[in-house]
Amino acid sequence: MEPSRKLPARNDAEPRPPQPTRQVMAAIAEKARVGSLPGLLGDRLFRWSTATLALMVIALLAGFAVVLTMQSRLSLVKFSFRFFTSSNWDPVNEQFGALPFVYGTVMTSAIALLIAVPLSLGSALAMVEMLPQWLATRIGFMVELLAAIPSVVYGLWGIFVLGPWLRDNIDPLLAGYLGFLPIFQGPQLSVSLLTAGVLLSVMIIPYITAVCTEVFRAVPQNQREAALALGATRWEMIRMAVVPYGYSGVVGAIILGLGRALGETIAVAMVIGNRPEIAASLFMPSSTLASAIANEFTEATGDLYLSALVELGLVLMVLAVVLNAAARALVMGVVGQQGERR
Amino acid sequence: MISLPASKSPESAVKVPAAEKLKVADLSAYYRGKTALRSINLDILANHVTAIIGPSGCGKSTLVRCLNRMHEVQAGNHAEGQVWLDGEDIYAPGVDPVQVRRRIGMVFQKATPFPTMSIEDNVTAGLRLNRRRLGRAERDRIVERSLRRAALWDEVKDVLRQPGTSLSGGQQQRLCIARALAVEPEVLLMDEPCSALDPISTARIEELLLELKASYTIVLVTHNMQQAARASDYTAFLLNGDLIEFGETNQIFTNPGRQETEEYITGRFG
C-alpha cells in the first residue's frame with residue numbers, strides 16, 4: 001500500500017523526461033492508424049451503402065408524389081382546393097370533387113379499427129398470457145392464415161355471406177337500439193359502408209394480432225413477476241406490466257392495420273356499392289379513394305377524368321401520411337408524458 | 001403497543017423472544033418434472049435475517065420463490081408440502097396466491113422498476129391494486145415513508161416524477177425495495193438483490209437489511225458468503241436441492257456441523 005501510494009507523488013515532483021514518452025505515443029498512434037485502416041474503410045463503405053439505400057426509400061416516396069402530381073395536373077389546375085371540399089363527382093359534366101371518397105375511406109377504416117383493435121388485442125393477450133402453449137400456437141397459425149387469403153376471395157365472401165348476413169341480422173339490431181343516431185337510419189342494404197368496414201376489420205385482424213403477439217411476447221418475464229410479487233392478479237399484471245411495456249409496439253401494430261385498411265382496394269370495391277355520395281347512413285352504399293380508382297380507371301374517357309382519378313391517388317397518399325404522422329405524434333405525446341402521468 | 005410508555009427503549013421491543021414467522025415443512029419443488037428441492041424443513045424467525053446460501057443450481061432461488069408461491073408462476077413448475085405463515089398453510093387448498101403475495105413481498109436479482117411509471121408511481125404500484133383510491137396526501141405520505149425506509153428518499157425527493165428507469169442500478173434496486181415495502185408486507189424475500197450491484201450499492205443495501213429487520217422478517221438468498229456472514233442472523237446451506245445445514249450464522253461460519261458446509265464456506269467448491 002505505502003509505496004504505491006507514494007509513487008504518483010514522486011512523479012509529480014520530478015517530471016519524467018518527455019522524449020521517450022512522445023516517441024512511444026507516436027509509435028502507438030502510428031500502429032493504431034495502420035492497424036485500423038481496412039476496418040475504417042469497411043465502416044465508411046458500410047455507412048455510405050446503407051445511407052444510400054435509406055435515402056432511396058425517401059426518393060421513391062418523393063418520386064411517387066411527383067409523378068402523381070404531374071399526372072393530375074389538369075385536375076389540380078382546374079379545381080384546385082374545390083377538389084377537396086366538393087362532394088360532387090359527376091364525370092358526365094366533368095365536375096370532380098373527392099370528398100365522398102375521403103369520407104368513405106376514413107369511415108370504413110374507422111369501423112375496421114373499431115372492431116379489429118379490441119379483438120386483436122384480446123386474442124394476442126389470450127395467446128401470450130392465458131392459453132396453454134399448444135393451443136396458442138394453433139390459434140396463432142390460424143390467425144396468420146387469415147392474412148394469406150387473397151383480398152378478392154374476401155370480396156366474394158363479403159358479397160355472398162357477410163353483406164346479406166349483416167343486413168338481415170346486425171342492421172336491424174343497430175337500427176333498433178341505436179336508431180336515434182343518423183348513421184343507423186334509413187334503408188338497409190347488403191352493399192354498404194358498414195359491410196366494407198366489417199370486411200376490412202376481418203382483413204386487418206391478422207396483422208394487428210400477429211404484431212401484438214410478438215410485442216407482448218417481448219415483455220420480459222421479470223416485469224410480469226414484479227407485478228405478481230406485489231400481489232397482482234393476472235388481469236392486474238397485464239394492465240400494470242404487459243400492456244404499458246408494449247404500448248408503443250401496440251400503436252405500431254394499429255398503424256400497420258390502418259395502412260392496410262386505407263389502401264385496400266378490390267375487396268372494398270366489391271362490397272361497398274361504389275356510389276360517390278356522402279350518405280348519412282352506414283347502411284347505404286359509398287365509395288373509397290382506392291375503390292373508386294380501381295372501378296373507374298378503365299372507364300375514364302376524358303383527360304380531365306383520368307387526371308381527377310390520379311389526384312384521388314395523390315389524396316390517398318397524403319391521407320395515409322397525415323394519419324400515420326398523427327398516430328405517431330399521439331404515441332410520442334403519451335410516451336413523453338408517461339413520467340408525469342398520475 | 002398502544003399503551004407503551006414513551007420512556008421504554010426500542011431494545012425492549014426487540015428483546016421479545018422471536019417467533020417463527022414462516023415454517024417450511026416437508027417442502028419439495030419440481031421444475032418440469034425434475035426435482036429442485038427435496039423435503040425441506042426450515043423455521044424462519046420473525047424480525048431476523050435468514051440467509052440461504054449454496055452453489056449455483058442448488059435450489060436456493062427455488063426455495064425462496066416457494067415461500068410466496070412465485071415458483072408455480074412458470075408453466076411446468078409445482079411444489080408439494082407446507083409453508084406455514086403465522087400458523088396458516090399458504091399451500092392449503094383454497095388459499096389464493098395473490099393474497100399470500102400481498103403479505104410476503106419480494107425483491108428480485110435484477111431491479112425491475114416499471115419503465116413506463118415515474119418513481120412515485122412505481123412506489124405506489126402495489127397499492128393501486130384492488131385498493132381504494134388514495135388521497136393525494138396519503139399517497140405522498142406513503143411514498144415518502146417507503147422511500148425513506150429504502151434509504152432512497154434523499155436522493156430522489158426532487159425527481160419523483162422522473163421515470164423509475166432514470167435511476168442508477170443501485171437506486172433502482174432500492175426503488176424496488178421501496179415498492180415492496182409500500183404494501184406493508186410482513187415478510188420480505190430477497191433473491192440475490194445485490195448480485196448486479198457495485199460494492200458501494202451492495203453495502204447500502206446490507207445496511208438497509210439491518211434497519212429493516214426491526215419491522216420485517218427477511219429471507220436473503222445470496223451466492224456471496226461474506227454477505228451472508230455480514231448481514232444475516234441465521235444461515236441455511238443448500239446443496240443439490242437438499243438442506244444440508246441450518247443454524248445461527250455465526251456457528252455456520254465458524255463451526256459448521258457438516259463437512260459439505262465447511263468445504264463450501266472455505267471455498268473448496270461452488
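## Exercise 1: The parts of chain A

**Task.** Find how chain A is divided into domains, and describe the contact between them.

**Solution.** Keep in mind as you go that this is a predicted model.

Step 1. Chain A splits into domain 1, residues 18-71, and domain 2, residues 80-340.

Step 2. Taken over C-alpha atoms, the centres of domain 1 and domain 2 of chain A are 42 Å apart.

Step 3. Five residues from domain 1 of chain A and five residues from domain 2 of chain A make the contact. On the domain 1 side, three of these residues are nonpolar, two are polar and none is charged.

## Exercise 2: The make-up of chain A

**Task.** How many helices and strands does chain A have, and what share of its residues is buried?

**Solution.** Step 1. Count the elements: chain A has 14 helices and zero strands.

Step 1. Turn to burial, where a residue is called buried if 20 or more other C-beta atoms lie within 10 Å of its own. By this rule, 33% of the 342 residues in chain A are buried.

Step 2. Look at how far apart in sequence the contacting residues are. Among contacts in chain A with a separation of 6 or more, 76% join residues 24 or more positions apart.

## Exercise 3: Where the chains meet

**Task.** Which helices of chain A give two or more residues to the side that touches chain B?

**Solution.** Step 1. Begin with the totals: 19 residues of chain A are in contact with 23 residues of chain B.

Step 1. The elements that give two or more residues to the chain A side are helix 9 (221-229) and helix 10 (234-245) of chain A. Helix 9 of chain A supplies the largest share, six residues.

Step 2. Sort the chain A side by class: 10 residues are nonpolar, six are polar and three are charged.

## Exercise 4: Parallel strands in chain B

**Task.** Is strand 8 of chain B buried or exposed, and which strands pair with it?

**Solution.** Step 1. Five of the five residues of strand 8 of chain B are buried, so the strand is largely enclosed by the rest of the structure.

Step 1. Check each face. In a regular strand the side chains alternate between the two faces of the sheet. In strand 8 of chain B, B:Thr217, B:Val219 and B:Val221 lie on one side and B:Ile218 and B:Leu220 on the other, and all are buried.

Step 2. Find the partners. Strand 7 (residues 187-191) of chain B runs parallel to strand 8 of chain B and is joined to it by five bridges, with B:Leu189 paired to B:Val219. Strand 3 (residues 49-53) of chain B also pairs with strand 8 (residues 217-221) of chain B in the parallel sense, over four bridges, and here B:Thr50 has B:Val219 as its bridge partner.

Step 3. Follow strand 3 of chain B onward. Strand 3 pairs with strand 9 (residues 234-239) of chain B in the parallel sense over four bridges, where the partner of B:Thr50 is B:Tyr234. Five of the five residues of strand 3 of chain B are buried.

## Exercise 5: An open sheet

**Task.** Why do strand 2 and strand 5 of chain B each have one side without a neighbour in the sheet?

**Solution.** Step 1. Write down the order: this open sheet of four strands in chain B runs 2-1-4-5, with antiparallel pairing.

Step 1. Strand 2 (34-45) and strand 5 (88-89) of chain B stand at the edges with a single partner strand each, so one side of each has no neighbour in the sheet.

Step 2. Inspect one pair: strand 1 (residues 20-31) and strand 4 (residues 77-85) of chain B are antiparallel and share eight bridges. B:Lys23 stands opposite B:Trp84 in strand 4 of chain B.

How values were computed
Residues are numbered from 1 along each chain as its sequence is written. Chains are lettered from A and ligands numbered from 1 in the order in which they are written. This is a predicted model: local features need pLDDT of at least 70, side-chain atom pairs count only at pLDDT 80 or more; totals for chains, interfaces and linings use all residues. Domain bounds come from an automatic or database domain assignment. Two residues are in contact if their C-beta atoms, placed from the backbone, lie within 7 Å. Ala, Val, Leu, Ile, Met, Phe, Trp, Tyr, Cys and Pro count as nonpolar, Asp, Glu, Lys and Arg as charged, and the others, Gly among them, as polar. A residue is buried if 20 or more other C-beta atoms lie within 10 Å of its own, exposed if 12 or fewer, and partly exposed in between; C-beta atoms are placed from the backbone. Two strands pair if DSSP finds at least two bridges between them.
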